[in-house]
Structures are given as C-alpha cells and as structure tokens.
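Please keep the viewer open as you read.

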Amino acid sequence: MATLELRGIKKHYGSIHAVNGVDVVVAEGEFLAILGPSGCGKTTLMRMIAGLEMPSEGEILIGGKPVTHLPPRARNVSMVFQSYALYPNMTVAKNIAFPLKTRGMPQAERDAKVAWAVGIMGIGHLLHRRPARLSGGEKQKVALARALVRNPALFIFDEPLSSLDAQVRTMARGELRQLHDRTGVTTVYVTHDQLEALGMGDRIAIMQHGRVHQLGTPQELYDDPADTFVAAFLGAPPMNMLERDGRIVGFRAEYLLPSTSPAAAQDDALSLRMHISQLEFLGAEWLVYGEIENAATPQKLLAKVPPAVAATLRVDEQREFTVARSRLRYFDPTTGLRVRDERG
Amino acid sequence: MSEAEASSRVGLGDRDHMLGWLMLGPSLIYIAALVGLPFFLAIALSVTSATVGDPSIHGFVGLGNFVQVLHESAFPLALRNSVIVTLGTLILTLVLATAESELLVRDFRGKRLLQILLILPWAMPVSLAAIDWLWLLDSEFSPVDWLLRHMHLLGPGSPLGPANHLYYYGKEWLGLGAIVMINVWRLLPFATIIVLAGRTSIPRDIFEQAQVDGAGFFRTLFSITLPALLPILMVASMFTALLVFGDMAVTALTTRGGPGYATQVLPYWAYLKGIDGGALSEGAAVALFMFPVLLVGAILALRMAYRTDSQGDRP
C-alpha cells in the first residue's frame with residue numbers, strides 16, 4: 001500500500017509522443033481508473049508505472065520513493081494483464097506461488113500465503129489444474145490471487161475484464177472493486193470501457209493523445225467535463241453539443257425533455273424546437289433522435305426520456321424540448337475548453 | 001440456365017477426396033520409390049551374399065551378414081562413435097540454438113547482420129564447408145593451431161604439449177570433437193530457426209508478467225521459457241539427431257574414420273564396406289543396424305512432442 005506519483009511523464013518513440021506530460025498523484029488506497037480511446041497512451045503510461053518501459057522524461061514515485069529507472073522486480077508492483085498471462089506449464093498453485101518463489105520465500109511461508117490468497121478469491125478447488133483447463137472467470141481469479149499474494153504496493157490492471165463474457169463482466173466488476181476495498185491496495189486500472197471506469201474508479205483520469213484531459217471523480221467528469229473531448233467521450237449517449245452565439249453549448253441527453261412533460265424545466269430554460277426522426281427503446285428509457293431545423297446547419301440532438309414521456313412522442317413530428325440553464329455547459333469552439341462564464 | 005452455370009464451376013478443386021490424393025500423390029510416389037523401395041531392398045540384400053560384382057539376391061545366408069558384422073572390431077567403435085557424435089552434436093546444438101533464439105528474439109543494433117551471419121552455414125555447400133574445415137584444422141597450416149601457439153597454449157613447454165600441431169583429424173578424441181563441431185556448425189542454423197519460431201510464438205505477456213513477478217533472466221529461462229519450448233525442442237532434437245546419425249559426409253571429408261577405426265561412424269562404415277569394399281550385403285547389414293535406433297528415436301520424439309502439446313493450450 002502506497003501512494004503513486006507521476007511527475008511530468010513523457011515517452012516518445014522517435015517522433016511519436018505516446019505519453020506527453022502526465023502529472024498524477026494517486027492517494028494511498030485509492031482506485032484510479034485511466035480511461036481513454038485506444039492509442040491514447042494509457043497502456044504506455046501503465047507500462048511505465050510497472051517498469052516495463054522507461055519514461056523519456058519525468059519521474060515516478062511509489063510510496064514517496066523514486067523508482068523511475070528501477071526494473072519491475074524492484075518496485076513491488078502487481079500487474080494483471082488483459083490476457084491474464086498465466087504460466088501455461090504451471091498449475092494454479094504454482095502460478096500463484098511464483099512471485100513468492102522469485103523472492104526466495106521459504107516453502108512453508110509460501111504455502112501459507114498461497115492458501116490465504118486462494119481463500120480470498122475462493123479458488124481452492126482449482127489449485128491443481130493447469131490454466132488451459134480454466135474458464136475466463138476462473139483465470140481472472142487466479143491472476144488476481146497471484147497479484148494479491150505478495151502484498152504489493154500497487155495493483156496495476158490492464159483491461160482485465162475485456163476478455164470476459166458480457167454476463168460475467170458486471171459480476172467481475174463488483175468483485176474487483178470489493179477486492180480492492182477489502183485489501184486497500186492502491187490501484188491503477190486501465191480501461192477503454194467507461195462503464196468500468198465510472199463504476200469502479202474513485203477518480204478517473206481521461207486521456208487522449210498522450211495527455212490527461214481531466215482528472216476527477218466520476219461525477220465531476222460526468223457533470224462538469226473540462227473540455228469537449230471529455231464531454232463527447234464520457235456518457236452513453238455523449239453530451240449534446242450545439243453552436244450558440246459563438247460558443248459550444250453542451251448538455252446531457254437526460255436533461256432534454258419535451259416542454260409538456262411534468263419534469264421539464266419551465267423557468268430559466270433553453271427551449272429548442274426539434275423534429276423527431278427516430279425513437280429507440282433502451283429498456284428503462286427511450287432515446288429520442290431529433291434535429292433542429294431552423295438552424296443554419298441542421299444539428300442533431302439526443303434526448304433520453306422515461307417511457308411515459310416517450311408514449312406522447314411520435315416520429316416525424318415537431319416538438320418543443322427544454323433544458324434547464326443550470327444544466328448547460330459552455331465550451332470555447334476553438335480550444336474546446338470549458339468556459340466558466342456561464343451567464344454571458 | 002444459371003443453375004447449370006453454377007454447377008459447371010465445380011472443378012477438381014472442390015472435390016476434397018480427389019484433390020487430397022492429387023496433392024499427396026507426388027510425395028507418396030517419392031517416398032515409395034526413393035525411401036520404401038531402397039529400404040526393402042536393403043533388407044533383402046542384408047540376408048544374401050550379394051556383392052557389387054554380383055548384386056543378385058539369390059544366395060540366401062540368413063542372418064550371417066549381421067553376425068559377421070557384429071564380430072568385426074570396427075563395429076563397436078563405429079556404434080560408439082555414432083552415438084557420441086549424435087549425442088554431442090544434439091546437446092551442443094540445442095543449448096546453442098536456445099541461446100541464439102534468446103538473443104534473436106530481442107531487439108538490438110546489428111541484429112539483421114547477425115541473423116545473416118548465423119544463417120550462413122546453412123547456405124554453404126557441403127564441399128565448400130569441408131574445404132573450410134580441412135584448412136581450419138589442417139595438420140600443418142591450421143590457423144587454430146597458429147592462434148593457440150601465439151597464445152602460448154601450444155608448442156614446446158606449453159599446456160597443450162610440446163608439439164607445434166594438434167593433428168585434429170589424426171587423433172581419436174580430437175577427431176571426434178572436430179566432427180561434432182562441424183556438425184553443430186552446419187545444423188545450428190536450422191535448429192535455431194525451429195527454436196526461434198517456437199520462442200516467438202510464446203505470448204510476450206507471459207515474459208512481462210514474469211518480469212513484474214520478480215523473475216530474473218535464468219529463472220525466466222528455466223521456469224517459463226524452456227518448459228514452453230519443450231515441444232519445439234523435441235522436434236528440433238529429432239531433426240538434428242536423425243540428420244547427424246545418418247550422415248557420413250562430415251566423417252568422409254575429414255578424418256575418413258581414422259586413425260584405424262577410431263573415428264569411424266556407422267553410415268560411413270556401411271558405405272565403405274558396401275560400395276567401396278564391394279560387400280553389398282554386409283554394407284546393407286551395417287546400415288540396417290542404424291534403423292532401429294532411428295525408428296525408436298523418431299517415435300520417442302514424436303510421442304513426447306504430442307504429450308507436451310496436449311498438456312498445453314488445449315482445454
């Protein structure tokens with residue numbers, strides 16, 4: 001258990017800047033999710049934290065100690081790869097014991113530690129199997145037990161859920177977060193899946209082009225995106241964005257409601273006349289695809305409405321929608337950055 | 001109309017049964033004519049009194065040729081040397097091929113050049129290689145001796161003896177050593193390619209995981225790499241062993257089996273006896289002595305390769 005500090009981390013391969021100046025401090029016991037599209041540099045950043053790559057510039061501190069140029073084994077960092085990277089020729093028990101063996105821990109002590117980790121993950125019945133005979137979920141548990149067994153300073157997860165079936169994934173998300181809460185190990189979790197980042201992270205760092213665009217709690221990122229990239233990347237569907245008076249106005253789909261619906265904002269609201277082009281059933285709610293026609297360039301909007309409201313809407317009709325001004329977020333159209341002056 | 005058109009497009013390539021035989025055909029004919037026929041001919045010859053002058057297979061002598069060959073003083077020597085040369089070459093080749101593949105799997109400056117240099121022995125004709133090695137280990141003009149003399153390891157009053165030359169091809173153990181070395185030199189590129197193919201097919205994640213788990217180079221090599229390479233090492237050793245055990249070229253071009261029979265090997269002895277000496281039937285008998293060894297070796301290697309494979313990635 002330790003803090004993790006990244007100071008001005010850069011990594012370039014020739015002229016390609018994979019990571020271009022990242023400063024992040026992860027508190028002790030914190031769960032930090034690093035979220036971004038593929039190619040954003042999150043994997044390179046993670047590999048530098050693990051010691052598998054050396055940064056071109058900058059400093060990495062684990063527990064306050066600089067480890068920037070130390071090899072992985074000198075960092076006491078546990079990593080769970082996307083593929084789980086179980087050693088195919090070893091049984092589950094030997095896989096889990098491997099990190100202890102490399103540091104020369106005596107057999108008896110090793111057995112006790114393995115039993116402890118196996119108990120936490122509930123995989124006692126798998127000990128003598130080889131990885132080839134495990135299901136995806138079981139493999140993940142073995143990989144977690146192997147990561148856990150040595151009391152690491154830091155957990156690093158590289159998209160550990162992406163090779164699981166969709167049904168198992170939700171469960172696994174919960175289990176992973178529980179494991180973190182129970183052990184209290186500082187965790188860096190790399191993913192391109194915003195559901196995982198939003199659901200598990202204490203804080204999220206959103207990356208693109210080698211830079212952290214925003215670092216904050218899931219709620220902060222969702223409600224107050226720092227720029228148009230974060231606004232467009234986070235949330236399903238992403239924020240609606242309109243050009244208005246030389247600025248970009250953004251708001252979430254769930255705040256855009258027909259003015260006739262009881263929950264709609266009445267006073268101090270932005271009102272938009274929308275042509276409904278499509279209605280999509282999502283289960284708990286409906287997605288309304290609309291267009292503003294009187295604008296110079298037709299602008300597409302999305303609204304997320306409850307079933308009762310959706311029942312009043314018809315495809316191809318013109319309707320008045322409103323969104324409360326307090327829900328509007330303004331961005332600079334050239335830099336994409338958030339403009340704080342919201343009344344202007 | 002269109003149906004007829006569609007059906008007319010079904011050619012030979014669509015009939016798996018026919019296509020299979022067609023593609024297997026050439027190799028079946030090749031094996032039957034150039035491997036199967038000579039093999040049975042050799043069995044037939046070995047139980048007759050046929051010679052080069054009278055190669056008829058009428059004079060049946062039973063196992064007489066085998067008994068005759070067994071009683072010759074050269075036989076135990078040739079058998080011993082064949083085993084020594086094969087095992088020696090095998091062990092050295094596997095160790096070096098593994099080392100080379102560990103090197104070539106990494107990225108470094110000059111890797112391309114090294115790859116070319118390492119593959120070169122394979123591209124060299126046997127005759128050229130022989131000239132090369134005859135000169136390198138020549139009794140008088142050997143540059144190896146010259147080097148040793150300059151390092152004061154050879155010559156009067158030095159550790160390797162008072163003589164100015166080692167006479168590699170004229171001594172039992174130096175001769176065998178030279179044969180092993182030349183075999184290693186010529187088979188290493190092929191073995192390296194096989195092992196390297198196996199090495200690059202191990203996912204990189206596994207090695208990075210081992211790194212994060214704190215394993216150093218040797219622990220990774222012995223706990224992760226070698227177990228994962230085992231099936232491919234079996235294949236490589238099978239190829240190497242069969243190529244060395246059945247080879248007579250290296251011996252024939254260097255020591256010629258001498259001095260006496262001290263560095264003789266079974267295949268060259270069979271050749272000398274059967275073709276040079278004219279005793280066709282006895283030569284066939286010697287060659288057949290190698291057959292069980294080769295067969296058992298091949299079966300063992302294949303079985304181990306399959307066993308390790310079924311323990312591996314298949315669920």
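1. Start with A:Gln194, which touches A:Leu35, A:Phe233, A:Leu234, A:Gly235 and A:Ala236, leaving aside residues up to four places away in sequence. Please remember as you look around that this is a predicted model.

2. Where does A:Gln194 lie in chain A? You will find A:Gln194 in helix α6, which covers residues 194–200. Its relative accessibility is 18%, so A:Gln194 counts as buried, the cut-off being under 20%.

3. Next, the aromatic rings. Over all chains, a search of the whole structure finds 16 aromatic pairs. One of them joins A:Phe281 and A:Trp286, with 5.2 Å from centre to centre and 55 degrees between the planes. That pair is tilted, because only angles over 60 degrees count as edge-to-face and those under 30 as stacked.

4. Are the two partners of that pair buried or exposed? A:Phe281 has a relative accessible area of 54% and is therefore exposed, the limit for that being over 50%. A:Trp286, at 24% relative accessibility, is partly exposed.

5. Do have a look at the aromatic cluster as well: A:Phe31, A:Phe155, A:Phe157 and A:Tyr189 form one together.

6. Finally, two arginines are worth a visit. A:Arg146 lies over the face of A:Tyr87, 4.7 Å from the ring centre. In the case of A:Arg247, the charged end sits over the ring of A:Tyr330, at 4.2 Å from its centre.

Key:
Residues are numbered from 1 along each chain as its sequence is written. Chains are lettered from A and ligands numbered from 1 in the order in which they are written. This is a predicted model: local features need pLDDT of at least 70, side-chain atom pairs count only at pLDDT 80 or more; totals for chains, interfaces and linings use all residues. Side-chain values use heavy atoms; hydrogens and water are left out. Rings of Phe, Tyr and Trp (its six-membered ring) pair if their centres lie within 6.5 Å; planes under 30 degrees apart count as stacked, over 60 as edge-to-face and the rest as tilted. Buried means under 20% relative accessible area, exposed over 50%, partly exposed in between (1.4 Å probe, protein chains only). A charge sits over a ring if NZ of Lys or CZ of Arg is within 6 Å of the ring centre and within 35 degrees of the ring normal. Helices (H or I, at least four residues) and strands (E, at least two) are DSSP runs, numbered from the N terminus. Contact means heavy atoms within 4.5 Å.
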